[in-house]
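Reader: I've just opened this one and I'd like to learn how to read it. Can we go through it feature by feature?

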Amino acid sequence: MTDELIRAVAEAVTPAQMVTAVQNLAATKDVAAIPTLIAVFGYNNPAAAAVAATALTEMGEYAVSQLISQIDDYNYGARAYSIRTLAAIADPRALDLLISAAATDFAPSVRRAAAKGLGNLHWHKLDFPASHTAPKRALETLIFISQDSEWSIRYAAVVGLQALAQNSDLQQPIFARLNQMLTTDTEKAVRARVQLAYR
Amino acid sequence: MVEPSGEEFPSQNGPQLTPELAIANLQSPDLSLRYYAAWWLGKFRVKRVDAVDALIAALKDEADRTELGGYPLRRNAARALGKLGDASAVPSLIECLECSDFYVREAAAQSLEMLRDRTAASVLIKMLDGGVAEAVQVQGLPHLTQPYEAVIEALGAIGATEAIPLIQPFLEHPVPRVQCATARAMYQLTQNPIYGERLVEMLATGDLKLRRVVLGDLGAIGYLAAAEAIAHAKVENSFKLIALKGLLEHQLTPELNDDSIRVMNLMDALL
């Protein structure tokens, strides 16, 4: 059954056929569909990619290791969908990938998605001491990219930092950095987002 | 998925320049170095008096010509001067509006739009002479008789309300991008929401390239009622973020208001 639906995705000719095929495959909620759903990110069909991302997010931690291992290093559009999906699932096994994406990817869409995701991971799923050190590594990365020259990266860093401030032991450095941005950032939009983080 | 050009790769192609070297290169015997230096000064926003003066001088360049009689260096110099934000360039840019090269006129109009100087109004208005009837494709060339899009946007940006009756007919111009520029300027000059809604409508009906243009227009005029339409448009997130940033900046007050927060919530969801 799933095999047939996977074949239908591969054989879809028009964009609309692709969306329908992906919807049918997603409805099975079968883990065997995971590699195909990830591959859909690379087909340059935003509607189909959105369906695949929702399905993978619902599969949650079952999809995480394949999302990480099958990341597309040569297609930044596909990579952004993978990172957004990992950010939405929020499994902390994605930490290293999100850190390298946020800090070193060349594509702003990938970096923004990673920055947002870094604030939201489910840290409590990690064992001690990782549950303690992992959020600090996320913090270091977010503070680093909060100094990026591109405004939208700094904006996303603020969104990540705001979420990360749920960790009470990180609040002091986070609010120190946000305070700095409030007085020094050159973009009104970024400063406004900092103000919102304070509310 | 395509993101805005220039955003993707850090610009490390081309010779390594310093402001001093770039200014000196504007007089290099190598014309390609002059051309590159003018672009570089704008790109890196070298806001120095000597850079501005050298670029103003380059607006009169006669050495760098294309087969069709165009002036590549003048085009780049005109573009750079818009980015440097120095009002002393205005009179020379206004002179460029009468250059024989279409692309010099276009670059000058775009830069005058950025510099927001009222003194450009009368020459810009003259470029609309003949109205829509004269605004036709030049035989064998990929552009109209005048850079109408840039001229109309500039008139909107500088608040040239006296131009309203001349601009309004361009809403019916056959080129969609000219229609967009007109709706944008009309909104800026009248604040009438029918022109903002016209852009929202084009966001729903236009092709991908036009949708990107419309997002730029909506961001530039800060048309708040378009916020949700922007967030849901079938366009790459990078373009939507820039448009919503424009809306946000129009709404900002020292204390955050509900409209600003609404726009930021939409932006957060696009990360």
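Reader: Which residues of α10(A) meet α12(A)?

Author: On the α10(A) side they are W151(A), R154(A), Y155(A), V158(A), V159(A) and Q162(A). Their partners in α12(A) are A189(A), V190(A), R193(A), V194(A), L196(A) and A197(A). Contact here means heavy atoms within 4.5 Å, and helices (H or I, at least four residues) and strands (E, at least two) are DSSP runs, numbered from the N terminus. By type, the contact splits into nine nonpolar residues, one polar and two charged. Ala, Val, Leu, Ile, Met, Phe, Trp, Tyr, Cys and Pro count as nonpolar, Asp, Glu, Lys and Arg as charged, and the others, Gly among them, as polar.

A word on the ground rules: this is a predicted model, where local features need pLDDT of at least 70, side-chain atom pairs count only at pLDDT 80 or more, and totals for chains, interfaces and linings use all residues. Residues are numbered from 1 along each chain as its sequence is written, chains are lettered from A and ligands numbered from 1 in the order in which they are written, and side-chain values use heavy atoms, leaving out hydrogens and water.

Reader: How do the axes of α10(A) and α12(A) cross?

Author: Two packed helices are described by the angle between their axes and the distance between the axes. Axes are lines fitted to C-alpha atoms, for helices over the stretch in contact, and angles run from 0 to 180 degrees between N-to-C directions. For α10(A) and α12(A), the axes come within 9 Å and cross at roughly 5 degrees. That makes the two helices, α10(A) and α12(A), roughly parallel; the label covers angles under 35 degrees.

Reader: What about α4(B) and α6(B)?

Author: Helix α4 (residues 72-84) and helix α6 (residues 102-115) of chain B have axes that come within 8 Å and cross at roughly 5 degrees. So α4(B) and α6(B) are roughly parallel to each other too. Among the residues in contact are R74(B) and A78(B) of α4(B), and Y103(B) and A107(B) of α6(B). This contact has eight nonpolar residues, two polar and four charged.

Reader: How many residues of each chain are in contact across the interface?

Author: 25 residues of chain A touch 24 of chain B. Buried area is the accessible area (1.4 Å probe) that two parts lose on being put together, summed over both. Here it is about 2300 Å², 59% of it on carbon and sulfur atoms. Y76(A), R112(A) and W151(A) supply 23% of what chain A buries against chain B, more than any other three residues.

Reader: Which side chains meet in a salt bridge?

Author: A salt bridge is a side-chain nitrogen of Lys or Arg within 4 Å of a carboxyl oxygen of Asp or Glu. The rule finds two across the interface, and one of them joins D268(B) and R193(A) (2.7 Å, N to O). On the side of chain A that touches chain B, α12(A) gives the largest share, six residues.

Reader: Where is there a cis peptide bond?

Author: Most residues other than glycine have a negative phi, and most peptide bonds are trans. A cis bond joins F128(A) and P129(A), with omega about 5 degrees.

Methods: Parallel < 35°, antiparallel > 145°, perpendicular 65-115°, else oblique.
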